[in-house]
Amino acid sequence: MKKHLIRNLAAMAVIVCFAFALPETETQKINVVIDAGHGGKDFGAKHDDFLEKDIVASIAQKVKELNDDKEVVIHFTRNEDEFQQLTDRVETINSIKPDLVLSLHINMTGKSDKSGMEFYIGQDVAQNQKSKEYAAKLSNVMSDRFEVAPVKEARFYILKNTEAPGVLFEMGFLSNENDRQYLTSQNGQKEIASRIVNFLKEIE
Ligand SMILES: [Zn+2]
């Protein structure tokens with residue numbers, strides 16, 4: 001009886017040791033900054049009462065709500081409808097030192113038949129390779145449901161000046177009727193957000 005107890009205690013001690021040893025690798029957090037473009041007096045693209053700044057803020061909020069992965073920590077550059085200089089956004093991002101910056105935008109063009117998603121990464125920046133990898137993954141997560149353009153390089157201020165890998169994601173065209181209906185609907189916003197959440201689960 002006593003022998004059994006000792007053996008059981010020894011076995012338990014081993015289990016306890018492993019239980020404490022495991023979290024080391026499991027608590028590796030992924031920090032992601034979601035940069036909802038525009039805000040305040042800068043409303044971005046506009047069609048009737050639909051404003052880019054509101055759509056991107058709403059999708060950013062849904063990403064945070066839908067994220068159930070404790071290892072993915074989501075930060076925002078703005079929490080409300082406020083105007084922010086790009087320099088301030090970059091400063092916020094660089095102080096967080098995230099693994100990824102995802103800048104959310106909605107496109108606008110004079111050609112109303114143009115639709116679909118676009119992905120931009122910085123040109124000639126040190127973190128280009130990692131950004132390219134993330135953009136490809138994000139595009140892949142969207143591609144079975146949405147029209148996606150090939151990943152492009154651009155000299156956007158946010159991408160150029162943040163030290164972390166970054167993707168600027170144009171989620172559709174406000175100037176296109178189908179895209180607009182989708183982007184301004186609760187279901188459409190939720191679907192895009194949940195796909196972003198799935199993408200965030202995949203990155204490392
Ligand atoms: Zn924009």
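Modeller: In this predicted model, glutamate 191 forms a salt bridge with arginine 145, the closest N and O atoms being 3.0 Å apart.

Biologist: What makes the contact of glutamate 191 with arginine 145 a salt bridge?

Modeller: A salt bridge requires a side-chain nitrogen of Lys or Arg within 4 Å of a carboxyl oxygen of Asp or Glu, and the closest N and O atoms of glutamate 191 and arginine 145 are 3.0 Å apart, so the label applies. The pair links distant parts of the chain, with glutamate 191 in helix α8 and arginine 145 in the loop between α5 (128–143) and β7, 46 residues apart. Both also belong to a network of salt bridges that links Asp144, Arg145, Glu191 and Arg195.

Biologist: Why is glutamate 191 called partly exposed?

Modeller: Buried means under 20% relative accessible area and exposed means over 50%; because glutamate 191 has 22% relative accessibility, it falls in between and counts as partly exposed. Arginine 145, at 39%, counts as partly exposed as well.

Biologist: What makes the contact of lysine 152 with glutamate 118 a salt bridge?

Modeller: The closest N and O atoms of lysine 152 and glutamate 118 are 3.9 Å apart, and the cut-off is within 4 Å, so this pair qualifies too. Lysine 152 lies in strand β7 (residues 152–154) and glutamate 118 in strand β6, so the pair ties together parts that are 34 residues apart in sequence. Lysine 152 is partly exposed, with a relative accessible area of 32%, whereas glutamate 118, at 8%, is buried.

Biologist: What makes His38, Glu52 and His105 donors of the zinc ion?

Modeller: Donors are N, O and S atoms within 2.8 Å of the metal, and the zinc ion is coordinated at 2.1 Å by His38 through NE2, Glu52 through OE and His105 through ND1, so these residues pass the test, although water is not among the atoms and the site may look incomplete. Along the chain, the donors follow the spacing H-x13-E-x52-H. Histidine 38 lies in the loop between β1 (30–36) and β2 (46–47) and glutamate 52 in helix α3 (residues 52–66), so the pair ties together parts that are 14 residues apart in sequence. Histidine 38 and glutamate 52 are both buried.

Biologist: Which residues lie nearest the centre of the largest pocket?

Modeller: Of the 15 lining residues, His38, Leu86, His105, Ile158 and Leu168 lie nearest its centre, and the pocket holds about 190 Å³ of space.

Definitions and conventions: Residues numbered from 1 in each chain as written. Predicted model: local features only at pLDDT ≥ 70, side-chain atom pairs only at ≥ 80, totals over all residues. Heavy atoms only, no water. Donors = N, O, S within 2.8 Å, 3.2 Å for Na, K, Ca; no water. Helix = DSSP H or I, 4+ residues; strand = E, 2+ residues; numbered from the N terminus. Buried < 20%, exposed > 50% of the residue type's maximum accessible area, 1.4 Å probe, protein only. 1 Å grid on protein atoms, 1.4 Å probe; cavity = no way out; pocket = protein on both sides within 12 Å on 5 of 7 lines; lining within 4 Å. Points joined across faces, edges and corners; volume = space filled by probe spheres on them.
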